Amino acid sequence: MAIDLYWDNDEQSVILCEFQDRWTWDDLHAALTTIKRLSSERSQVFGAIIDVRKGLNIPGGSIFNREALTNFQKMTSLGAGGKGPVVILGMNGMIKTIFDTVKKMDSKTASDVYFADTMTEAQRVIYNLVDRLDKTSA
C-alpha cells in the first residue's frame, strides 16, 4: 500500500498516516477505513497526523476535479463527530488556501483539522489537542 499507517505513541492515541510518492484513491479509502475502524474501537480521544511530505501527487493530476475534491473532503473529515483532531503535515500553500476556502463554506467538515510544516510541530499540536480533548471528555 502506498499509504502507511503507524502508531505514533505507545498509548495508541495518535496514528501516523504517511503518504508515499505514488498512491491511489483506493489506497486512501483503505487507509481512511482503517483509521475510522481504529477510532471507533477506542473510547479515548483519537488523533491523526497525516504526513503528505512525500506524496502529494493527486491521482488524476489535479485537485480541481470532483473526485479529488470529494476524496480530499473525506480525508479532512477524519476528526468529525468528536473523534479527535487531525494534523496534516507538509501541505503546500495553494492546497491550504483551497482548504481554507472549503472550510469557510462548510466549517463542520474540517473543524478539527490543523496544518504543520515539521514533524516536531505536528506532534506538538496533536498531542496538546488530544490531551486537552481527553481531559474535557473525562
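Predicted model: local features only at pLDDT ≥ 70, side-chain atom pairs only at ≥ 80, totals over all residues.
Which residues of helix 1 are buried?

1. Helix 1, buried side. The buried residues of helix 1 are Trp 25, Asp 27, Leu 28, Ala 31, Leu 32, Ile 35, Leu 38 and Ser 39. They lie on the same side of helix 1, because the arc that they cover around the axis is only 150°. The list holds Asp 27 and Ser 39 as well as residues such as Leu 28 and Ile 35.

2. Helix 1, other side and dimensions. Asp 26, Thr 33 and Ser 40 are exposed on the other side of helix 1. The helix comprises 16 residues, and the distance from its first C-alpha to its last is 22 Å, close to the 22 Å expected at 1.5 Å a residue. Lys 36 also belongs to helix 1; its relative accessibility is 43%, so Lys 36 counts as partly exposed. Between the C-alpha atoms of Lys 36 and Phe 46, which are ten residues apart along the chain, the separation is 9.8 Å.

3. Strand 2 spans residues 14–19, and six of its six residues are buried, so the strand is largely enclosed by the rest of the structure. Burial applies to both faces: Val 14, Leu 16 and Glu 18 lie on one side, with Ile 15, Cys 17 and Phe 19 on the other.

4. Pairing with strand 1. Strand 1 (residues 3–7) pairs with strand 2 in the antiparallel sense, over five bridges. Within this pairing, Phe 19 of strand 2 stands opposite Ile 3. The two strands form a hairpin with six residues between them, and in the turn Gln 12 has a positive phi of about 55°.

5. Pairing with strand 3. Strand 2 also pairs with strand 3 (residues 47–51), here in the parallel sense and again over five bridges. Gly 47 in strand 3 is the bridge partner of Val 14. From strand 2 the chain passes through helix 1 (residues 25–40) to reach strand 3, and this β-α-β crossover is right-handed.

6. In soluble globular proteins, nonpolar side chains tend to be buried together. The largest nonpolar core here has 22 residues, and those with the most contacts inside it are Ile 3, Phe 19, Trp 23, Leu 28, Ile 50 and Ile 88. Two or more residues come from each of strand 2, helix 1, strand 3, strand 4 (86–89) and strand 5 (113–116). Helix 1 is the element that gives the most, with six residues. There is also a second, separate core of 13 residues, which includes Val 14, Val 87, Val 125 and Val 130.

7. Salt bridges. How many salt bridges are there? The count is two. In one, Arg 37 is joined to Glu 41, with the closest N and O atoms 3.1 Å apart. Arg 37 is partly exposed, at a relative accessible area of 42%, and Glu 41 is likewise partly exposed, at 49%. In the other, Asp 51 is joined to Arg 53, with the closest N and O atoms 2.8 Å apart. Asp 51 is buried because its relative accessible area is 5%, under the 20% cut-off.

Technical notes. Residues numbered from 1 in each chain as written. Heavy atoms only, no water. Buried < 20%, exposed > 50% of the residue type's maximum accessible area, 1.4 Å probe, protein only. Helix = DSSP H or I, 4+ residues; strand = E, 2+ residues; numbered from the N terminus. Pairing = 2+ DSSP bridges. Right-handed = clockwise from strand over helix to strand, strands pointing away. Core = buried A, V, L, I, M, F, W, Y, C linked by side-chain atoms within 4.5 Å. Salt bridge = Lys/Arg side-chain N within 4 Å of Asp/Glu carboxyl O. Expected span 1.5 Å × (residues − 1). Arc of directions from axis to C-beta.
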